[in-house]
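Me: I'd like to learn how to read a structure like this one. Could you walk me through it, feature by feature?

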Amino acid sequence: MVKDKEIQGYRQQPGKLPFSKPGSGGKNSFSKPINLENIPVSQNGIKDQPWGPHRHDSLISGQVIGKSTALVDSAWKVTGQAQYGDDVRLPNELIGRIVRSPHHYAKILSIDCSKALDLPGVVAIATGNDAKNKFGVLPVTKDEHAMAVEKVRHAGDLIACIAAENENIAREAERLIQIEYEILESIHDIKEGLEDSEYPIHDRGQYHIGNSNIQKRVFQEFGNISSLEKNTVVSHQSNWTFAGVNHGFTEPHAVVANWSPDGRLTLYTPQQVPHYVHRSLADVLEIPMHQINVHRTFVGGGFGGKSDPFPHEMCAAILARKSGRPVRITFDREEVFWVNRGRHPSKIEMNLHADSIGRICGIETDALIDGGSFASFGHVTTYYNGVLHTAPYEIGAFHYTGARVWTNKPASGAMRGHGAVNSRCAVEVGLDDLAEKLEVDPITLRLANLLPPHSATITGFRVTSIGMRECLERVKEESGWSDKFRKMPLGKGIGIGCGFFISGSGLPIHWDPNKFPHATVHLKIDMDGGVTIHTGAAEIGQGSDTVVSQSVAEVLGLPLDMIRIRSRESDTSPVDLGSYSSRVTFMNANAAISAAMKIRDELIKAASDITGASEEVLVIGDRRIFDKNNPAIGVSYLEALHKSQEERGALISSGAYRTPPMGKTHKGAAAGLAPAYSFSAYVAEVSVDVETGKTIVDKVWAAHDCGKALNPLAVNGQIIGSCHMGLGQVLSEEMRYGRTGHLMNPDFLDYKIPSIHEMPEVIPIIIESNDPEGPFGAKEAGEGPLLPILPAVCNAVYDAIGVRTEDLPITSEKVFKLVEKKCREQGVSSPLDLKPPRLEFSDLQDTLEKRADLHSTRDIERRLDSSREEYYNGAIFGFDPTKSPEEVDENWSVRVIPNDDYLHSPRLAGSAWKHIERRKMGD
Amino acid sequence: MVEFRLPMLPQPGELVWSVNINGTEVKLNIESNAILLDVLRDQAGSLGTKRGCDMGTCGCCSVLVDGEPRLSCLTLAADMNGREITTVEGLANGHQLLSQNNNPTNEEIKTAIEGNLCRCTGFQQIVDSIRAASDIIRENNDIEDSTSAKSDPHPGFMEGN
Ligand code: FES
């Protein structure tokens, strides 16, 4: 029996402390001694730190960080108790229904709602006239209305909304609304968007680009462009077509709006970014933000698809205001496709160049992306298609032209891996081809061209921790790469792909980063000892509630069951930018740590006051604060808490995070800037049936550098889930548009998400590069892991049958056409006689291996040396690594506007620059 | 409650529907053309039964009818009169899913859940958790009662514990 043992401690009586403190009692009535295996060597523990110490080491109490932890909200979900959007049922609710356009592009001449309003059971109807203010994701591209004003821009665009007693009545009312249209000529082809048009889909006034449908254009030129031709010995050139894909989250959009008797609005919505909705509602309803409480419900998957402020959210609020009753709107699956915001259909031209010693002397990318009918996050997407492939490799020159055009399709937007996925696929497949042409192993080629840790990319991104090399080495070894690559029989292949992604966006979209933090977390602890966390970080299933709870629990030495998190309501949570750009773990856990440190300091001071031990020797262990040299001297957590409450009651603290100043100053320099970046490398093994073109992915080795896995269970989940989603895009998923521009497959029967039978075994491999600024070293794991799977599969298909695809998804038909072509080339009549590709390494292989070894030593030195010097991209080409090359070489280009030379023969997206912005047209 | 009926359209009939939901006898007036999913969510209060696609492709709406899995979005409620329905809320201890085979192979698990689309996990973890559940059942392990006492914030100290 525990009770019989003697308890020692500060003025402690034998046996369990007898006085009953409010809040005491419960399980595990003895503090667990510190387990040194959890404590890093920097703190005299025995946990190895191959990547060096971390600024948060002294906060490790050994409670939860780094341990696989079931998500704190999982019990609600598995018992069916979690309330998602449509599960919010308020008394006296009305059912809202959206009236949608049947036309791709049309002027609305008139809307007659009188008959519908006469229908018994119809309570309110609203149209575009009820709310004319625009809203949108970015302050510079507010181009959406609650409902169409003047014209509809895509089939499915909102025209009116109805609140009725039940769905049947709402549907009947929809039939009774009479709308007159004047149909306009719609555009569907992405290339047409580049041309002048009689009725551009939007009018951006003086900022409009010519008379075209170009929403955004980007030109970037960095590095040694002028000697590219001279240095290049092999090149890769490809023209990719990527179909649009949809997030396919499980929960269709749903929203409930309710105005309380005091005239305040509560909006219940499964949002990734409640704060944008908050702002937009204020704009549209013309009320101040403090009059609105945005209540994020459980989110049944978002993946970027629930991060825009949506028109239907405005509609629910408008209908509820008009009717004086709660209004619930739920989409069916088809409507989800009409709203879309999925990955952009894209045309990407990718040119890669390597020099005689296997350095990547140039990347030239041209990306034309189809934004559909609204801007959404489009500005950012247009940049991301270029700038997010300026790492992990050191490059000699980077030339990027990008354009996003409007077409009369449902809007594209942000989707997991935002803007980076398609061009990353093109780059990684291109590298495979370069390796082939250089006759070297594609993994060695990568290993010999990596940026070192703590360096700057060619576009000036500050990169801190890099675990890319370790990712590559691990997947190479574990997949048995050397025995398989270019050695397997026809139809069996293996391929490599890498990824690089932002861990949080450096610039908040809506405010100056110096004026307001990126993330804020509040803590409140009262005499019961439980810790309440208030955060606006949106738990969308990724585990943000868990990771923020873990961070607080770790610093305060508490088990997770003493932490409760309130992250749902804007009334109680500090403003947060929401769950996008893989920012939450990095920014919110950092804010949570800093809030917890303040409480920790107070507890330690109180413990010092009670025990007389100095604050310097006191440490926090399992629910107890004690002298690290003599653990018997100490107090329980509750005692310290009550002591510090004596004069002031509940302890409250606030912690905030903001990114450090970084990056360059050219136009667009902020896009892609992040406080840290994640890295990943995957190897995929595939079987391709040469007679049908069908590709099956057999196995994937997936290494991801997330800095530090705060919750390895969740990180592995993100890796495997990312593989699944990426496999969908590479193998089968595609929003298909018919000849007249209609979306042919807005449902899960024809939009093919891989089922369990298409899902290969995935071996997740976590690499922990210990980011200096990440919370306990952590970086993102939610989006980056998606990137490498696409090129890994494409490269494996080449290894299996010798054909390169440039068109995703790689359906059987497409692959088989390529097989037929290959048969003609090889002069064989049966695909079974095709010769799979083989590769004899050239002498360069040896050179690259040596360079990779040298770089490996360099990288380990750099990551451990805190007084390291600067390292700018360009050093591999002979520049002084400590100076930005443009400072020493006048030929080193930094340009963001094309010159006349370029405009004489621009590439596809680059031709967007032929138009003149209206305000510059003169007169 | 006021009845709102559509004037022009032919109306569905009404019927008395008595079923057993998660062990409780339930009697409801339902429309003769009502879909089981809607009745469960809107009338019987089983909001754990979800609607993901409405056409039998996602599996969110699965329930057990007399122990057999069934997509409630493709089921006419009237046809279920007198049957036993188990929703996710009634599955708290997971016994029924593994009732016929408490030691399934991976292939058997995959086949059993092939009608469910999952966009988060990539399925691997679902298979793992079904495996874990089957272990619990076979080994007759107890699951911790979620209402049992949580941690004591006022623990004592003991050398070496
Ligand atoms: S709702 Fe998708 S299968 Fe029933």
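Reply: Happy to; we will go from domains to sheet, helix and core. Keep in mind that this is a predicted model.

Me: Into which domains is chain A divided?

Reply: There are domain 1 (60-80 + 514-657), domain 2 (90-184 + 250-301 + 306-339) and domain 3 (346-507 + 665-867 + 876-895). The C-alpha centres of domain 2 and domain 3 of chain A are 39 Å apart. Their contact draws on 19 residues from domain 2 and 22 residues from domain 3. About 1,800 Å² is buried between these two domains, with carbon and sulfur atoms giving 67% of that area.

Me: What is the strand order in the open sheet of 3 strands?

Reply: In chain A the order is 4-2-6, and the pairing is antiparallel. Strand 4 (151-152) and strand 6 (178-183) each have a single partner strand, so one side of each lacks a neighbour in the sheet. Strand 2 (residues 106-112) is joined to strand 6 by 6 bridges; I111(A) has I179(A) as its bridge partner.

Me: How many residues of helix 16 of chain A are buried?

Reply: Of its 20 residues, 17 are buried. You can check its length too: at 1.5 Å a residue, helix 16 (residues 712-731) should span 28 Å, and this agrees with its end C-alpha atoms, which are 28 Å apart.

Me: And how should I read a nonpolar core?

Reply: In soluble globular proteins, nonpolar side chains tend to be buried together. Here the largest nonpolar core has 186 residues, and L281(A) and V793(A) have the most contacts inside it. Beyond its neighbours within four places in sequence, L281(A) touches residues including L265(A), I292(A) and M314(A). A second, separate core has 50 residues, among them I533(A) and L556(A).

Terms used: Residues are numbered from 1 along each chain as its sequence is written. Chains are lettered from A and ligands numbered from 1 in the order in which they are written. This is a predicted model: local features need pLDDT of at least 70, side-chain atom pairs count only at pLDDT 80 or more; totals for chains, interfaces and linings use all residues. Side-chain values use heavy atoms; hydrogens and water are left out. Helices (H or I, at least four residues) and strands (E, at least two) are DSSP runs, numbered from the N terminus. The expected span of a helix is 1.5 Å times one less than its number of residues. Buried means under 20% relative accessible area, exposed over 50%, partly exposed in between (1.4 Å probe, protein chains only). Two strands pair if DSSP finds at least two bridges between them. A nonpolar core is a set of buried Ala, Val, Leu, Ile, Met, Phe, Trp, Tyr and Cys residues joined through side-chain atoms within 4.5 Å. Contact means heavy atoms within 4.5 Å. Domain bounds come from an automatic or database domain assignment. Buried area is the accessible area (1.4 Å probe) that two parts lose on being put together, summed over both.
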